[in-house]
Amino acid sequence: MLNFNEITAYLKDYDEEPISLMEVCGTHTAAIAKCGLRSMLSDKIKLVSGPGCPVCVTVSAYIDKLCALSLMAGNTVVTFGDMMRVHGSQSSLNEAKSSGASVQMVYSPFDILKLAADNPNITYIFAAIGFETTTPIYALLLEQAIAKSINNIKLLTSLKTMPAALSWICSQNSKIDGFIAPGHVSVMTGSEIYHAIAEKYNLPFAIAGFDGEQILAAIYTLIKQKKSNKVVNLYRSAVNENANLQASALIKKYFVEDTASWRGIGNIAASGLYLKEQYNAFDAGSFGLDNDNNLTPQCRCGEILIGNLSPNDCPLFGKACMPQNPKGACMVSEEGACFTKFSYERN
Amino acid sequence: MKITAIHGSGGRATSELIDKVFAAHFGNEILNSFEDSAVVPSSGRIAVTTDSFVVTPLFFKGGDIGKLAICGTVNDLLMSGAIPKYLTCGFIIEEGAEISALEKIALSMKNCALEAGVIIIAGDTKVIEGNGGIYINTTGIGFVPEERTVSPKNAQEGDVIILSGTLGDHHCAILSARLNIENTISSDCAPLNNMVTSLFENGIAVKAMRDVTRGGLATILNEIAHAAHLGIEIEENMLPVSPQVSALCGILGLDPLYMGNEGKFIAVVAQKDAQRAVEILKMHSYGAQAAIIGNIINGESIVSMKTKPGGKRQLSVLLGEGLPRIC
């Protein structure tokens, strides 16, 4: 392996066949933009963002359901901040709140335990979105709620898993030559989940952490491994070959795999996790939320999410759609491809 | 003892509260006259600013709402080149607030005002229904010396941007208190008088100043770039950030460039003054980490940053809400 200066020089001077690499994780998308990494790459190396930001892939039916629940007497919807601004077919949680809905923002799902214990007459509904990284936390939350006999907690889930989504992208005749694999997800799943996809589509994967140096090393690795099916783990301080057993056990205890709907993409079989039947009492109605209609017609989030278009290709980008007034989910999340492009790489 | 509606009646209970809590700590010749308005001498150019303080929690590591209410307004006056002189102070207190908390806040304001060289010359107290909250408005009056013009419009290509210390401390201290995260991060809430005065007294021609408050460094640099019709380029490697703040921001997915301070400022000075200005700031305890962070450059009103790995990116104003990441 070359040293850092040699890698940056190689990436700046790269003059071989153009290559297109996808970073799947929203935190990578933000880190690439914040570190200004594109300015360090040859024009022949293209980085595209994948569907790895949970806010960006949440369908309108889910937002609509959250808004409806938040407006019902006796309910409080509890959520992470970014979800407040995502539009459904009618409104966002922020707008619902200004119409009298009960919505509370928290930094940790576990905050809901104290809220629920202190206010037994209110049903707290957590907007449980996320990937393999966040799902064990929701399982742990239920574990604790059950242990403490707290019954006024429900989850409205929109939980997704990476392997099926990655396979789907690869199956769409995509022009991607390799993946910077999601760092946080890999901590939970291990690097083993990528082997089957790498082999099936003959594409390399590089698992990286979130500092600029490691992402550049991943880009270099993927160029060198182009057209191979190698899975290279550069994030060995946090990622093992195998899954985190405790997290996997928790997910298996509470959740079951099924079809999930992805914003702008549609249904992907076996790409979602739902509460098991015996935990129905904790489910706020998460099944069947696959309608993704009535989004702004010109919005190109769906194609941006799978790397077919860049934010600049969307007619709304930076005009009708800006962080202050986002039309598409990719402009809402601070880790969305459009938000990071607008904020850090516009000029 | 708690505040009740009777303390806002305007009658005896109100007088007792004012005497015991506010007059006892803020008392001075002008305030003690208890006239309908304060009459003070003045001359030349007057700077006026006002700010309201609604922070939760009221007390946090490194400060409290009272200290903030003095520092915030005093620092705004200083940034215009004014010498702060007088403050007015309005309290809006919710029923249920502890009188002992009010006393603590008033004492903190007294001490901070003393350090900042200002006196409180007028005040108001209102009690409203609620749940023990306390809100403070302060208006500040200062005098701008005739020869002094401090404005971003003075900035020129080649000028140097100096930051008086580490980023994000206040924001992280408040966030830690709200989230019950134990750490050693303390708010940097402080009056900037001594540092600013030192710069002028030592003959540094300060062209522009801004305190780094809400919106963070990135937002105020954009304000300066737009006012000056010039670009700004800073270096990430030069930015002072404490390891504790850096770690907390890493965990929560926050960016120190967009986090508020309450005791830091940036100064724009000519290249020839830059090194000496940093040395002067470093002599003060609040300025020990002062550093040159970048330059005014020719071009569009865009702020850009050379990143640690060697890339370049734009710094926009705060666009989101500075929320922690969720995955």
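The following exercises, each with a worked solution, concern a predicted model.

Residues are numbered from 1 along each chain as its sequence is written, and chains are lettered from A in the order in which they are written. Local features need pLDDT of at least 70, side-chain atom pairs count only at pLDDT 80 or more, totals for chains, interfaces and linings use all residues, and side-chain values use heavy atoms, with hydrogens and water left out.

**Exercise 1. The mixed sheet of chain A**

Task: Determine in which order the 6 strands of the open sheet with mixed pairing stand, and which strands are at its edges.

Solution. 
- Step 1. Helices (H or I, at least four residues) and strands (E, at least two) are DSSP runs, numbered from the N terminus. Two strands pair if DSSP finds at least two bridges between them.
- Step 2. In chain A the order is S4-S3-S5-S6-S11-S10.
- Step 3. Strands S4 (103-105) and S10 (255-262) of chain A each have a single partner strand, so one side of each lacks a neighbour in the sheet.
- Step 4. On average, neighbouring strands of this sheet are turned by 25 degrees against each other, direction ignored. Axes are lines fitted to C-alpha atoms, for helices over the stretch in contact, and angles run from 0 to 180 degrees between N-to-C directions.
- Step 5. Within the sheet, S6 (residues 153-160) and S11 (residues 266-275) of chain A pair in the antiparallel sense over 2 bridges. A:Lys160 has A:Gly272 in S11(A) as its bridge partner.
- Step 6. Helix H3 (residues 60-71) of chain A packs on the sheet and touches S3, S4, S5 and S6 of chain A; contact means heavy atoms within 4.5 Å. The direction of H3 makes about 170 degrees with that of S6(A).
- Step 7. Helix H7 (residues 162-171) of chain A also packs on the sheet, touching S6, S10 and S11 of chain A.

**Exercise 2. The surroundings of B:Asp159**

Task: Decide whether B:Asp159 is buried or exposed, and identify its polar partners.

Solution. 
- Step 1. B:Asp159 lies in the loop between strands S6 (134-144) and S7 (160-163) of chain B.
- Step 2. Its relative accessibility is 4%, so B:Asp159 counts as buried; buried means under 20% relative accessible area, exposed over 50%, partly exposed in between (1.4 Å probe, protein chains only).
- Step 3. A polar atom of the side chain of B:Asp159 lies 2.7 Å from the backbone nitrogen of B:Gln156.
- Step 4. The side chains of B:Asp159 and B:Lys207 make a polar contact (3.0 Å). A polar contact is a pair of N or O atoms within 3.5 Å; within protein, one must be able to donate a hydrogen and the other to accept it, and residues adjacent in sequence count only if both atoms are side-chain atoms.
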